[in-house]
Amino acid sequence: MISKYTRGSKIHRALAHIGILPRDQQELSKLINFSESASRFVKQIIEPLKNDGFAKWDNHKLAITDKGKEKLLEMGQVKA
């Protein structure tokens with residue numbers, strides 16, 4: 001089951017950032033201003049992106065997949 005994605009949400013912004021280039025967990029968390037714990041970041045951002053097939057780990061960095069690129073195109077880019 002695909003998670004719910006809302007335009008401009010933190011998960012949408014995370015997808016947009018990894019769409020530019022792969023990011024490690026700490027860098028991505030800072031880029032989207034995620035202020036909660038690292039475990040919540042994994043549960044709320046990383047796991048849904050991976051489980052839905054939109055992202056994958058590549059050399060210790062989260063990278064967008066082709067399916068993720070399609071989703072990002074569908075949702076549109078977000079402003080930084």
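Q: Is F41 buried or exposed, and what is its relative accessible area?
A: In this predicted model, local features need pLDDT of at least 70 and side-chain atom pairs count only at pLDDT 80 or more, while totals for chains, interfaces and linings use all residues. Residues are numbered from 1 along each chain as its sequence is written, and side-chain values use heavy atoms, leaving out hydrogens and water. Buried means under 20% relative accessible area, exposed over 50% and partly exposed in between, with a 1.4 Å probe and protein chains only. F41 is buried, and its relative accessible area is 1%.

Q: Which residues touch the most other members of the largest nonpolar core?
A: A nonpolar core is a set of buried Ala, Val, Leu, Ile, Met, Phe, Trp, Tyr and Cys residues joined through side-chain atoms within 4.5 Å. The largest such core has 19 residues. Those that touch the most other members are L15, I18, F41, I45, L49 and L62.

Q: Which residues are in contact with L49, leaving aside its neighbours within four places in sequence?
A: Contact means heavy atoms within 4.5 Å. With those neighbours left aside, L49 is in contact with Y5, I11, A14, L15, F54, A55 and L62.

Q: What is the angle between the ring planes of F34 and F41?
A: Y5 counts as buried at 12% relative accessibility, and F54 is buried at 2%. F34 and F41 also form an edge-to-face pair, 5.2 Å centre to centre, and the angle between their planes is 70°.

Q: Against which elements do the buried residues of helix 4 pack?
A: G68, K71, L72 and M75 are buried in helix 4, residues 66-75. They lie on the same side of helix 4, because they cover an arc of only 100° around the axis, taken over the directions from the helix axis to the C-beta atoms. The face turned away carries the exposed residues D66, E70, L73 and E74. The buried residues pack against helix 1 (10-20) and strand 2 (61-64).

Q: Which residues are in contact with T65, apart from its neighbours within four places in sequence?
A: T65 is in the loop between strand 2 and helix 4, and it is buried at 16% relative accessible area. Apart from those neighbours, T65 is in contact with G53, F54, A55 and K56.

Q: What is the relative accessible area of H60?
A: H60 lies in the loop between strand 1 (55-58) and strand 2. Although H60 is not a glycine, its phi is positive, about 65°. H60 is exposed, with a relative accessible area of 70%.

Note on methods:
Helix = DSSP H or I, 4+ residues; strand = E, 2+ residues; numbered from the N terminus. Phe/Tyr/Trp six-rings, centres within 6.5 Å; stacked < 30°, edge-to-face > 60°.
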